[in-house]
Amino acid sequence: MKQTLTQKLFSEHLIEGELVAGAPVVISVDQTLTQDSTGTMCYLQLEALGVDKVVTKRSVAYIDHNMLQSGFENADDHAYIQSVALKHGVFVSKPGNGICHQVHLERFGCPGQTLVGSDSHTPTGGGIGMLAIGAGGLDVALAMAKGRLNISYPKVVGVELVGRLGKNVTAKDIILEVLRRLTVKGGVGKVMEYYGEGVASLSVPERATVTNMGAELGATTSVFPSDERTEEFLTAQGRADVFRPLAADDGAEYDETLIVDLSKLVPLAAAPHMPDNVIEVKTVAGMKIDQVCIGSCTDSSLLTMLKVAALLKGKTVAPGVSLTVNPGSRQVLTMMSELGALKDILDSGARVLECACGPCIGMGQSPKTGAVSLRTFNRNFFARSGTESASVYLVSPLTAAVSAIKGVFTEPTEADCAALDGIKLPKAFTVNDNLILDPKDFADTEIVRGPNIKPFPVGTALGGAIERNVTAKLGDNITTDHIMPSNAKILPFRSNIPYLADYCLSTADAQFAARTKAAGGGIIVGGANYGQGSSREHAALAPLQLGIRAVIVKSFARMHRDNLINSGILPLVFANETDYDRIDIDDTLVIKDPKKLVAAGVGVVENKTKKTTFEVKLELTDRQKNILLAGGTVNLLKSE
């Protein structure tokens with residue numbers, strides 16, 4: 001039988017189950033990655049599992065998110081992560097070494113291997129032919145402990161790339177076009193597999209831009225073949241030994257198909273406040289801008305930086321614009337310096353930030369009141385920048401650079417991009433891994449715990465009837481940034497759930513936490529694609545801390561639903577979406593027999609306030625049923 005690349009990768013790692021769309025499967029895990037925003041909780045959970053050493057081929061802990069150290073909290077978390085990771089056999093990438101996805105691609109990615117990461121943009125590894133999947137911290141802890149991942153087998157969408165990109169168009173425009181067509185929920189339960197003649201024209205960093213931002217589709221992951229371009233990249237990194245060719249069989253059949261003609265793409269932008277709100281740059285040309293940020297795990301490779309430097313060379317950033325550039329890794333920054341690109345960027349008036357996530361997660365560089373900010377990042381969710389009144393547009397590095405010079409939104413032309421002729425990846429990268437700590441050199445490490453590190457909440461086993469007030473009613477596309485905001489003021493408390501809980505849903509409903517506390521817990525009601533965005537399990541743990549026992553919505557995003565189940569919170573779906581309209585905040589809802597509901601997968605909820613009832617669905621695997629009955633994964637594992 002002819003197979004897609006996705007089928008081949010799953011088949012090679014299949015432990016249990018059948019490769020049937022929607023069916024539960026268990027796959028073996030070769031590698032894991034964590035970062036410091038979600039990593040502290042992940043390692044606290046790993047410790048709770050009582051594991052001595054991880055069983056994966058390679059696990060890496062990156063410190064790249066919470067880099068502003070205005071208090072002791074972030075530094076304490078970093079010390080904890082470094083010590084607990086090394087003690088358990090996990091490599092550590094120290095602060096300054098770079099963003100996890102960029103560094104992992106450079107130094108650890110292996111075609112054909114599986115990678116599970118506690119970051120939603122882990123699919124970046126698909127740019128090198130990995131089966132790379134984002135997951136909640138507890139699932140990653142389990143992957144490190146047991147070398148396994150439970151997941152539903154996805155549908156496979158074949159995205160055929162034809163033609164070549166114009167000089168003024170980049171890989172960012174490819175994924176924006178796919179988002180324009182499919183929307184932020186168009187990839188839920190699917191893998192986006194890229195193939196076709198156009199693939200050969202894209203370098204590994206360009207492919208990684210596409211797979212990285214594929215997370216915004218809600219996709220399980222995205223993947224490119226491993227081919228000659230992959231071999232070139234790995235050889236230049238001094239890692240030719242890990243290369244293996246991988247591709248779909250000729251004539252393999254996909255569940256769905258999409259054709260993207262690269263030659264017909266034009267510069268695109270995602271307008272506020274969602275990555276699928278895609279427009280052509282020319283439609284907003286001339287709009288005054290205030291800030292431009294170039295970098296993030298989406299667009300911070302050496303190739304990107306060389307192109308940006310070429311466009312900025314000999315020019316000066318417009319007087320009213322702040323331009324920041326954050327290279328994705330120390331390797332990128334070093335080579336920018338060696339090749340003269342760093343000087344060209346600095347001479348233009350740009351501010352060069354450290355090799356970290358930075359503004360992408362609201363960690364610094366919040367725009368001024370009412371600002372228009374152009375960013376080469378992957379998300380422009382409301383208030384993610386740290387400034388609620390700002391309008392954030394997602395654009396390609398070329399659009400960002402020419403707009404920074406002009407001071408207004410500007411569509412890059414092929415003439416503007418003539419300076420890019422001849423720019424390509426080097427045949428050999430400068431390699432210096434002295435900021436990566438090998439656990440075998442730190443066998444006697446003692447774990448360091450600061451006062452900001454608190455125990456995480458654990459759910460309770462399902463018992464009798466659940467009777468709670470509705471303490472939030474929300475609309476469609478509620479993101480994990482809404483549920484658990486991510487900015488420089490809150491991020492330092494990612495290891496302190498009791499503190500974080502007071503900020504739960506604060507950008508969507510400022511009274512939610514207080515209302516839920518006063519009610520002694522509650523139930524959340526929401527619309528479609530609830531929990532879109534990050535893998536952060538804090539968006540489940542904070543509601544658990546507040547006493548939320550169930551979330552009833554029109555549909556869920558994959559990772560957030562999994563995190564709710566892991567926390568012992570019932571993720572219920574309206575059987576009839578119109579019932580959403582008949583519920584209000586403070587209505588008292590009753591689930592008379594939650595155990596029966598979990599077992600049957602369908603049940604009735606009573607609205608005691610309005611004296612009505614409505615039906616809900618709960619599609620679960622046998623394992624997930626046991627998790628919910630136990631009150632969460634930690635409880636189930638303890639009982640076993």
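Start by selecting tyrosine 195: in this predicted model, its relative accessible area is 24%, which makes tyrosine 195 partly exposed.

Is tyrosine 254 buried or exposed? With a relative accessibility of 15%, tyrosine 254 counts as buried.

Keep both on screen and zoom in on the rings. To describe a pair of aromatic rings, you give the distance of the centres and the angle of the planes. Tyrosine 195 and tyrosine 254 make one that is stacked, with 5.1 Å centre to centre and 15° between the planes. Planes under 30 degrees apart count as stacked, so there's your label.

Next, colour by secondary structure and look at where the two sit. Tyrosine 195 is in strand β10 (residues 190-195), while tyrosine 254 is in the loop between α8 (228-236) and β12 (256-261), so this pair ties together parts that are 59 residues apart in sequence.

Hop over to tyrosine 499 and tyrosine 503. How are these two rings arranged? Their centres are 5.6 Å apart and their planes are at 35°, so this pair is tilted. Tyrosine 499 is partly exposed at 32% relative accessible area, and tyrosine 503 is partly exposed too, at 31%.

Select arginine 58 and phenylalanine 91: the charged end of arginine 58 sits over the ring of phenylalanine 91, 4.4 Å from the ring's centre. Then pick lysine 554 and tyrosine 580, where the charged end of lysine 554 sits over tyrosine 580's ring, 4.6 Å from its centre.

Technical notes: Residues are numbered from 1 along each chain as its sequence is written. This is a predicted model: local features need pLDDT of at least 70, side-chain atom pairs count only at pLDDT 80 or more; totals for chains, interfaces and linings use all residues. Side-chain values use heavy atoms; hydrogens and water are left out. Rings of Phe, Tyr and Trp (its six-membered ring) pair if their centres lie within 6.5 Å; planes under 30 degrees apart count as stacked, over 60 as edge-to-face and the rest as tilted. Helices (H or I, at least four residues) and strands (E, at least two) are DSSP runs, numbered from the N terminus. Buried means under 20% relative accessible area, exposed over 50%, partly exposed in between (1.4 Å probe, protein chains only). A charge sits over a ring if NZ of Lys or CZ of Arg is within 6 Å of the ring centre and within 35 degrees of the ring normal.
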